Amino acid sequence: MNGLPLDNIPKNIQEPPGPKHKFLGANAYLSFLTDGLSYLSKLHKEYGDIAMLKASGHRIYLIADLKYIDYILVRDPENFTKGPGFQRGKILLGNGILTSEGEFHHSHRRMINPAFTRSRWGHYFAVVRKCVNNLIKEWEERFKVNNEIELHEEMMSLFVEIILNTIFSDDKNSALTKHAGEFMDLFHKLNPLYLLNPEKSLRLPFPSIKKITKAKENLDKEIHKILDKRINENIKRDDVLGIILEAKDEEGKKMTRQELYDEIFTLYMAGIDTSAKVMTWGFYLLEQNKTEAQILRKEVDEIVGKRDIEFEDFEKLVYTRMVLNETMRMYPPVWLLPRTAEKDFYLDDYFVFKGSSIFITPYLLHRNPKYFENPDKFDPERFNAERKKSIKKFSFIPFGAGPRVCIGEGFALLHGAVILSLISRNFKMTLKKGHRIALSSSITLRPKYGIKMHLEKI
Ligand code: HEM
């Protein structure tokens, strides 16, 4: 089907269909940068499951055919790197497992994996439960004065707490939380155009750049303080940092100080934003779909009731987990998986040049009527034991697939179920009248104007 060596290329090789752009495609590039998701949706509608555009001489392939996705993400992943965007992103994110490639990535992924295996979930469960219960208490206090919240901001701060507590357990301190929250907030308000060339952008004399550089410096200082203490005083703790500190590669070597920092910072960046988006969209969908919200609440009442939630409840909260999956189907936070072809190859009759970009778009797959009937309808029952059997492999990929699949997948499902159930049991949400909901597809899929909700205690 694909990937044959070049000397076997059939004579009838061709390029996939796609738009013929003026101005060397610079306008296409700009359309993609300003509203990537709308632009790619239009391309997909017009040209189908494989399309190509040329932007400033660079070829970009939009791939939505499941067998090609299997090939790129799972069968031949060594030939596809994450590409120049992630390379440039290293100046902010470091060389952790999100951005690194090849043997280095493979070795570090092996060292970090033990921190995210199923046997660790019980430990993280207690952290998540504590953070959510604290938030519920805080909301109860705050609502004596005002019951309006901006849901997205609330979920972002909740995940700053959860992820910091999971990585550092007792080392958590208020300065760290403050600087971590500040940095995350500024990072997501940063104009995506800056990310085209962060190295140059970070030298620009703009107030927004100065602020984010300062926030990163402050955060770095706090993380380094914790690393110093844990390493110098040989403190052993049962948290993510504890596991990574002890991890050794195949030659028995531990991570260097810089590698350790980069991996910790990567987990922090990768874990918060994605998870907060799922919860934000999840509560929004439940607000819009009262019947499903009631079914979820009934399940929580029957399984958890008024007692505190326990780890064993997770498996039993079947409907809650279906709601979580349906939310990630409709609003996958990672809406785009970019790759770069490291060699020439072809997909059936279509030729793909080395160095081209390849875009796989979970959002387009998840909303494709070929794979999901009535795709714009919120229907958690798609994920019930019977119906989920008919979901085609690679048509639902909120966590990606293959060796670069999300390392935090299980942990994310666990905290998602705890948050959905505990908050739904305590509060009813109503969207603020007239509040505008729109999608923004910059780094992750987020509500462009936030989501303002009124909360009512149940
Ligand atoms: C619902 C929440 C989450 C979603 C939807 C999500 C989604 C994803 C996706 C799609 C990828 C693959 C990107 C690609 O192939 O280009 C990924 C990778 C990654 N995720 Fe998540 N993620 C979530 C939560 C988390 C959490 C909680 C953590 C850790 C605390 C985490 C850490 C990572 C890391 C480190 C990678 C890079 C893995 C590698 O390349 O080896 N994620 N995530």
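This is a predicted model: local features need pLDDT of at least 70, side-chain atom pairs count only at pLDDT 80 or more; totals for chains, interfaces and linings use all residues.
Strand 5 pairs with strand 8 (residues 357–360) in the antiparallel sense over four bridges, and within strand 8 Phe-359 stands opposite Pro-338. Strand 5 also pairs with strand 3, again in the antiparallel sense, over two bridges. Thr-340 of strand 5 is the bridge partner of Thr-81.

The loop between helix 3 (66–75) and strand 3 (80–81) contains Pro-77. This residue has 15 C-beta neighbours inside 10 Å and therefore counts as partly exposed. When neighbours within four places in sequence are left aside, the contacts of Pro-77 are with Gly-402, Pro-403 and Arg-404. The C-alpha atoms of Pro-77 and Glu-292, which are 215 residues apart along the chain, are separated by 39 Å.

Helix 15 comprises 13 residues (318–330) and reaches 19 Å from its first C-alpha to its last, close to the 18 Å expected at 1.5 Å a residue. Eleven of these 13 residues are buried, so helix 15 is largely enclosed by the rest of the structure. Among the buried residues are Tyr-319, Arg-321, Glu-326 and Arg-329, together with Met-322, Met-328 and Met-330.

Note on methods:
Residues are numbered from 1 along each chain as its sequence is written. A residue is buried if 20 or more other C-beta atoms lie within 10 Å of its own, exposed if 12 or fewer, and partly exposed in between; C-beta atoms are placed from the backbone. Two residues are in contact if their C-beta atoms, placed from the backbone, lie within 7 Å. Two strands pair if DSSP finds at least two bridges between them. The expected span of a helix is 1.5 Å times one less than its number of residues.
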